[in-house]
2 protein chains.
Amino acid sequence: MPRVVDHEARRAEVVAALWRVVSRDGLDAATVRRVAAETGMSTSVVSHYFAGKEDLLRAAFRLVLDRGLARARAAPAGGRARALLVIALPLDAERRAEARIWFAFVGLAVSRPDLEAEQRRVYRALRTALARALRDDGLDERLDAEAEAAALIALLDGLTVQAAFEPWRLSGRRQLALLDERLAALGIG
Amino acid sequence: MPRVVDHEARRAEVVAALWRVVSRDGLDAATVRRVAAETGMSTSVVSHYFAGKEDLLRAAFRLVLDRGLARARAAPAGGRARALLVIALPLDAERRAEARIWFAFVGLAVSRPDLEAEQRRVYRALRTALARALRDDGLDERLDAEAEAAALIALLDGLTVQAAFEPWRLSGRRQLALLDERLAALGIG
DNA sequence: CTTGTTTTACAACGCCTGTTGTAAATACGC
DNA sequence: GCGTATTTACAACAGGCGTTGTAAAACAAG
């Protein structure tokens, strides 16, 4: 009988290594050899647990996206839209670093349909969750919850861009102020 | 005496070729050989007019950025902030395509300080111009024009992200509505 | 036409890439 | 402890990369 290894755990380990490389040296530097070196193992483990580099990148992107999504889902219950948005805001340095990795992948997704599909999937999930939260918060029935959710996500993305590249220009306090202003305009406390 | 060639024009020609390659096949595909082939010339012209690939990429990024900036500056006079913002909005397919190229470069800029510097330079210019326009439009003196400009640019970026990846979700009409809503909140018609 | 300089072509270099194949190490059921 | 299937290591491969050098072509001035 064979040596038994948790496949999912190994894949996660490799993906984490890739993440570190990207964060330190950029997506260009994320070669199979470098990622393998980062795990401390040989390149064989990468080839063994991933069908190829594409597969590895897709898994990594999925992790970036799903991590954000999971954080949103773990928001304090009660279906509060604000809590969901606050969690997604790039308020601290760690979140900003994550945002920068996210940008690197988005730049790739532009020319890789499979990655773009992943991105759309997560946007859709976030939008749906946010729309539901808005409804729970008592959003005016005459408004289109999905559309309003999309607008709020646009705000989120805009803040993320600026917080990632010029963090000193949009303090956490100001981000929250802008968010609350918009929520107030929707009649949501 | 030597054959005379307009250096700037040649550089622009090469950059345009790179742009086409990026737009069609992604930034990964933008190799020196491929770009040269796109111009119809040999790789020597690239090496001759650019110090290296870095130089070429920087020039290309500069063009993407400055093109947007130039459009903004060419906005109908009168210092109207709205005109400036409308021009930057990804309202049509061409502008959305440009936005996608922009994203590809931003993903690169994350790990290339020189490109990031270029990006910041343009953001600063845009912000300054917008702040001035806001003042001209009679923005409440008690508000920080630069900060409000930054907030408006954040809105712009958010709309761009969504328009680039899910154009059907944010129609031009809706983009304008969201923009006008914010401007109205600032007391600017 | 000759001269002198720029511009272009082409080939070669060394390096790094993703992938594949072979062979050794590992650890479980028996 | 033996057999066996999995997991890892290492080496090799062909191919593409950015860059560099040499040599030909193009063209303006005299």
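Visitor: Is H48(A) buried, partly exposed or exposed?
Guide: Let's count neighbours in this predicted model. H48(A) has 13 other C-beta atoms within 10 Å.

Visitor: What is the secondary structure of chain A?
Guide: Read along the sequence, chain A goes α-α-α-α-α-α-α-α-α. There are zero strands, and the helices come to nine.

Visitor: What share of the residues of chain A count as buried?
Guide: The C-alpha atoms of chain A fill a box of roughly 60 × 40 × 30 Å along the principal axes. Chain A has 189 residues, and the share that count as buried is 37%.

Visitor: Which residues have the most contacts inside the largest nonpolar core?
Guide: That core has 111 residues, with members from chain A and chain B among those with the most contacts. L130(A) is one of them, and leaving out residues up to four places away in sequence, L130(A) touches A81(A), L84(A), A149(A), L152(A) and I153(A).

Visitor: Is R127(B) buried or exposed?
Guide: R127(B) lies in helix α7 of chain B. Setting aside neighbours within four places in sequence, R127(B) is in contact with E146(B), A149(B), A150(B) and I153(B). With 21 other C-beta atoms within 10 Å, R127(B) passes the cut-off of 20 or more, so R127(B) is buried.

Visitor: How are α6(B) and α7(B) placed: roughly parallel, oblique or roughly perpendicular?
Guide: Their axes are 8 Å apart, and the angle is about 125°. Roughly perpendicular covers 65 to 115 degrees and roughly antiparallel starts over 145, so an angle between those two ranges gets another name. That makes α6(B) oblique to α7(B).

Visitor: How do the residues of that contact of α6(B) with α7(B) divide by class?
Guide: From α6(B) come F105(B), V106(B), L108(B) and A109(B), while α7(B) brings L115(B), E116(B) and Q119(B). They divide into five nonpolar, one polar and one charged.

Visitor: Which element gives the largest share of the side of chain B that touches chain A?
Guide: The contact takes 31 residues from chain B and 32 residues from chain A. On the side of chain B, the elements giving two or more residues are α6 (93–109), α7 (113–136) and α8 (145–165). By class, this side has 17 nonpolar, six polar and eight charged residues. The largest share is eleven residues, and it comes from α8(B).

Visitor: What kind of axis relates chain B to chain A?
Guide: Chain B can be laid on chain A with an RMSD of 0.0 Å, by a turn of 180° and a shift of 0.0 Å along the axis. That is the relation of a two-fold axis.

Visitor: In chain B, which residue has the C-alpha nearest the axis?
Guide: The same surface serves both copies, as 100% of the contact residues of chain B recur in chain A. The nearest C-alpha of chain B is 1.9 Å from the axis, and it is that of G158(B).

How values were computed
Residues are numbered from 1 along each chain as its sequence is written. Chains are lettered from A and ligands numbered from 1 in the order in which they are written. This is a predicted model: local features need pLDDT of at least 70, side-chain atom pairs count only at pLDDT 80 or more; totals for chains, interfaces and linings use all residues. Two residues are in contact if their C-beta atoms, placed from the backbone, lie within 7 Å. Helices (H or I, at least four residues) and strands (E, at least two) are DSSP runs, numbered from the N terminus. Ala, Val, Leu, Ile, Met, Phe, Trp, Tyr, Cys and Pro count as nonpolar, Asp, Glu, Lys and Arg as charged, and the others, Gly among them, as polar. A nonpolar core is a set of buried Ala, Val, Leu, Ile, Met, Phe, Trp, Tyr and Cys residues joined through C-beta atoms within 7 Å. A residue is buried if 20 or more other C-beta atoms lie within 10 Å of its own, exposed if 12 or fewer, and partly exposed in between; C-beta atoms are placed from the backbone. Copies are superposed by least squares on the C-alpha atoms of residues with pLDDT of at least 70 in both. Axes are lines fitted to C-alpha atoms, for helices over the stretch in contact, and angles run from 0 to 180 degrees between N-to-C directions. Angles under 35 degrees count as roughly parallel, over 145 as roughly antiparallel, 65 to 115 as roughly perpendicular and the rest as oblique.
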